[in-house]
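Let's take a friendly walk through this protein together. Keep the sequence and the 3D view open while you read.

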Amino acid sequence: MPKPLGLKILGTGHYVPERVLNNQYFIDRLDTTDEWIRERTGILERRIAAPHESSATMATAAARAALADAGLTPHDIDLIIVATITPECYFPSTACFVQESLGMRPTPSFDLLAACSGFIYALVTAAHMLQSGVYRRILVIGAETMTRITDYEDRATCILFGDGAAAVVLEKCDDPNGPSLLYHQICAEGSGPTVLTVPAGGARLPASLMTVNERLHYIKMAGREVYKVAVKRNIELVDETLRATGIRPEDLAIVIPHQSNLRIIESARERLGLPQERFFTNIQKYGNTSAASIPLGLDECLKTGRVGRGDLVMLIAFGAGYTWASALLRI
Ligand code: UT7
């Protein structure tokens, strides 16, 4: 079992675009119904970025909010990690755009790609880097403009995704009884690339007239197959995290799962036997925002007082790759 890593959240913040796409938007354009979308996914609405917005602009806004919450300035940050599958461009990294937009001195900045598990991967990476003593404060951001890779002609996927960003400012904590990353697990099994992917635009299948005509720059997902693995992995993540730490479900202040589908979340909640109010959901209003969904939840839980100092919070995620991850935080 990994040893606890002293980790304090100094501040959190988020940004979501103003424009809301409700289910009616899809009903007007596709062969779908409000009942189908609500019952199969739990989603009522999602946000869509304005033309001038992108992953870096939203990440920057979220970062500014987290820094303000922490009472810090960009100059207090030693390193930036942006978890995203919708970067500004092939290169440079979205993190470099954020670093520049924040007006920071030269600062190590990089992106991390682990799809919907990206934020937990980034959190764990930051926690280990803080332990080294080289970095004092790290900005971890989950930022996605999912609507730019969503095929609005594919009714099975376009209803799912939304845009947004959220950020946390982290610092090492040396008090053994203080805030901590008590447990973490990150894993990948490269068996899923064909079931959930954006097939074209990379080195494997560069952009061409054919890839554009065949709509291969959009998300392709074998939903049912991914669904089955997601349910299984989420339950395993919960079980393993509890077993490894000896924590009982009733000791948890809240569980913040990646928001992929309300039914997937419910299956993990039922496994824990926790009431709905102790299992965070915001999929109803934001849809699936991939790497942004967990930090959006964390920010909301901290800001609304659902979580406070000393509380135990479990984060779980499963996504493309496949990747999956869990973290148990003492706030
Ligand atoms: O974020 C990381 C990973 N992502 C996930 O975990 C997502 C996992 N997958 C899912 O959430 C679900 O599989 C979906 C929400 C994508 C689909 O729900 P489902 O209950 O698995 O439906 P399905 O794909 O088995 O499709 C059932 C039927 C099909 O029609 P037939 O073949 O039974 O005639 C679909 O064509 O529903 C149809 N369908 C729709 N009907 C109305 C698919 N999309 C729609 C739609 N409206 N929007």
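## Phe 280 and its neighbours

Leaving out residues up to four places away in sequence, Phe 280 touches Ile 254, Val 255, Ile 256, Pro 257, Gln 259, Gly 297, Glu 300, Cys 301 and Arg 306. Keep in mind that this is a predicted model. You can find Phe 280 in the loop between H9 and helix H10 (283–286).

Is Phe 280 buried or exposed? Phe 280 counts as buried because its relative accessibility is 1%, and the cut-off for buried is under 20%.

Now look for the largest nonpolar core, which has 42 residues. Leu 252, Val 255 and Met 314 are the ones with the most contacts inside this core. At least two of its residues come from each of these elements: strand S8 (180–188), helix H8 (223–245), helix H9 (262–272), strand S12 (312–319) and strand S13 (323–330). H8 supplies the largest share, eight residues. Another core, of 37 residues, lies apart from this one, and its members include Tyr 121, Leu 181, Ala 325 and Ile 331. As a general pattern, nonpolar side chains in soluble globular proteins tend to be buried together.

Which residues does Leu 252 contact, if neighbours within four places in sequence are left aside? They are Leu 242, Ile 247, Leu 274, Arg 278, Leu 312, Met 314 and Leu 328.

## Around the ligand

Next, turn to the ligand. There are 23 residues around the ligand, and Thr 32, Arg 40, Arg 224, Asn 261 and Asn 288 come nearest. An N or O atom in the side chain of Thr 32 is 2.6 Å from a nitrogen atom of the ligand. Arg 224 places a polar side-chain atom 2.8 Å from a ligand oxygen atom, while an N or O atom in the side chain of His 258 is 3.1 Å from an oxygen atom of the ligand. How much of the ligand does the protein bury? Taken alone, the ligand exposes 960 Å², and the protein buries 75% of that.

Helix H2 (34–41), helix H6 (155–158), H8 and H9 each give two or more residues to the shell around the ligand. H8 gives the most, with five residues. Sorted by class, the shell has eleven nonpolar, seven polar and five charged residues.

## A closer look at H9

The buried residues of H9 are Ile 264, Ile 265, Glu 266, Ser 267, Ala 268, Arg 269 and Leu 272. Their cover includes H8, strand S11 (254–257) and S12.

Both ends of H9 are worth a visit. At the start of H9, a side-chain oxygen of Asn 261 comes within 2.8 Å of the backbone nitrogen of Arg 263. After H9 comes Gly 273, which has a positive phi, near 65 degrees.

Thr 86 sits in the loop between strand S4 (79–83) and helix H4 (94–101). Because its relative accessible area is 6%, Thr 86 is buried. The side chains of Thr 86 and Glu 144 are joined by a polar contact of 2.6 Å. Not counting residues up to four places away in sequence, Thr 86 touches Ser 55, Ala 143, Glu 144, Thr 145, Met 146 and Ile 149.

Ser 290 belongs to the loop between H10 and helix H11 (293–303). With 1% relative accessibility, Ser 290 counts as buried. A polar contact of 3.2 Å links the side chain of Ser 290 to that of Glu 144. Beyond neighbours within four places in sequence, Ser 290 is in contact with Ile 85, Ala 115, Cys 116, Glu 144, Met 146 and His 258.

## Out at Pro 176

Finish your tour at Pro 176, in the loop between strand S7 (163–172) and S8. Why does Pro 176 count as exposed? Its relative accessibility is 68%, and exposed means over 50%. Pro 176 and Met 210 are 34 residues apart in sequence, and their C-alpha atoms are 57 Å apart in space.

Key:
Residues numbered from 1 in each chain as written. Predicted model: local features only at pLDDT ≥ 70, side-chain atom pairs only at ≥ 80, totals over all residues. Heavy atoms only, no water. Core = buried A, V, L, I, M, F, W, Y, C linked by side-chain atoms within 4.5 Å. Buried < 20%, exposed > 50% of the residue type's maximum accessible area, 1.4 Å probe, protein only. Helix = DSSP H or I, 4+ residues; strand = E, 2+ residues; numbered from the N terminus. Contact = heavy atoms within 4.5 Å. Near = heavy atom within 4 Å. Polar contact = N/O pair within 3.5 Å; in protein donor to acceptor, adjacent residues only side chain to side chain. Areas by Shrake-Rupley, 256 points an atom, 1.4 Å probe, with all protein chains shown as cover. Nonpolar A, V, L, I, M, F, W, Y, C, P; charged D, E, K, R; others polar.
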